[in-house]
Amino acid sequence: MSLLQKDTSFDQCIKCTVCTVYCPVAKANPEYPGPKQCGPDGERLRIKSPDFYDETLKLCTNCKRCETACPSGVKIGDMIAVARDEHAKLPMNIKTIRDFVLSHTDLMGSAATPFAPIVNTITGLKPVKKIMHKTIGVHDHKSLPKYSHGTFRRWYKQNCTSQALYPKQVHYFHGCFVNYNHPQLGKDFVSVMNAMSIGVQLMDKEKCCGVPLIANGFFDKAKKNAKLNIQNFSAAVEKHDAPILSTSSTCSFTLKEEYPNVLKVDNSKVANKIEYVTRFLLKEFMNGRAPKMKPINKKVVYHTPCHLEKTGGSLYTIELLKMIPGLEVEVLDSQCCGLAGTYGFKTENYDTSMAIGSNLFNQIKRSKADFAITDCETCKWQIEENTSLETIHPVSLLAMAIA
């Protein structure tokens, strides 16, 4: 389908309502009519007139679980996202300071990392949380993500000057979380790849994948980021004909799927190069190129992120974890964690977010595990904030095994 054509996949909807049954928001919030009504049913009306837009579309988390469940392949989540973009262009739809702060991750990260200890302390104070709750609408029970004092890209430039000497190469889309909040995951990624005689190359430039911008109505900025990223991906692949890996399940999903389907940005020249890291690693391991690992005599519980389930990628992570010596792996029947990127930070969504995640939190509390494992940074934040368990990425667990 041409990127310029109107999506008419709503015609494939057979009105089975499986999507609504599978929707975490519909279960937790009776005000949300569900993805069937907001997606294909609503699209039939909106295609006649945008006046049929319903404010309840804002209750959608963009988790894509409706699309995972749909037996007819209807792009329900994409329809809702595009409809929200159309509504955001109307004069009465004013962007808020909160939505700007939560979505412009490159800008906020660049401003905060030089002063990370101060910023982290201030945003963690209870009086400051109360003020943000009352003024901009960030719930006072939520803790904003902590920033690193120094970015991953800076560390890479200082410590990774010999990566081109390795016989095999990969490109690394580190994303905002690794660059500004958790450089250690990027360092672990480099360690694991180097242990397999693989060098790590960064793009000359990269911007936020765009998913927080999409979620908060800044579609024009998301499209600009997407075009810049695709341009830099193309240049990188010309230099090294190698895969483009991400350690964020949401980033990899957005780069590959959301760019053409939601933002209408053509990524066809590089889409087959974009890959989530555990899929790449499992293939390498199964082809006999696994690094030497010591036993990790620990029990872990694994939470599947929504966007990874949408792509079928959780299987690769689970099988990869099982290849770590001495590791006991319990796969949770957890569904959505409830945070959904920036969704759960918003005061009006907090109760819904917590209701969605409650089953996951209870399973983890009963598990008696040493760590929780997940591929998504926002799932990590949600789990660590609502349980006592440290939550780490599969790549970081591998780095522990090969250290």
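Predicted model: local features only at pLDDT ≥ 70, side-chain atom pairs only at ≥ 80, totals over all residues.
Helix α16, spanning residues 277–286, packs against helix α21, spanning residues 394–402, with the two axes 10 Å apart and at an angle of about 40 degrees. The two helices are therefore oblique to each other. On the α16 side, the contact is formed by Val-277, Thr-278, Leu-281 and Phe-285, which meet Pro-394, Val-395 and Leu-398 of α21. By class, six nonpolar residues and one polar residue take part in this contact, and no charged residue does.

Thr-123 belongs to helix α8, which covers residues 116–124. Its relative accessibility is 15%, so Thr-123 counts as buried, the cut-off being under 20%. The side chain of Thr-123 is directed to backbone oxygens at two positions: that of Val-119 is reached at 2.9 Å, and that of Asn-120 lies 3.4 Å from a polar atom of the Thr-123 side chain. When neighbours within four places in sequence are set aside, the contacts of Thr-123 are with Val-128, Lys-129, Met-132, Leu-144 and Lys-146.

A search of the whole structure returned zero disulfides. For Cys-23, the nearest cysteine sulfur belongs to Cys-63 and is 6.1 Å away. Because its relative accessibility is 7%, Cys-23 counts as buried. Cys-209 is likewise in no disulfide, and the sulfur of Cys-251, the nearest cysteine sulfur, is 3.8 Å away; a disulfide would require the pair of sulfur atoms to be within 2.5 Å. Cys-209 has a relative accessibility of 3% and therefore also counts as buried.

Notes:
Residues numbered from 1 in each chain as written. Heavy atoms only, no water. Axes fitted to C-alpha atoms, helices over the stretch in contact; angles between N-to-C directions. Helix = DSSP H or I, 4+ residues; strand = E, 2+ residues; numbered from the N terminus. Parallel < 35°, antiparallel > 145°, perpendicular 65-115°, else oblique. Contact = heavy atoms within 4.5 Å. Nonpolar A, V, L, I, M, F, W, Y, C, P; charged D, E, K, R; others polar. Buried < 20%, exposed > 50% of the residue type's maximum accessible area, 1.4 Å probe, protein only. Polar contact = N/O pair within 3.5 Å; in protein donor to acceptor, adjacent residues only side chain to side chain.
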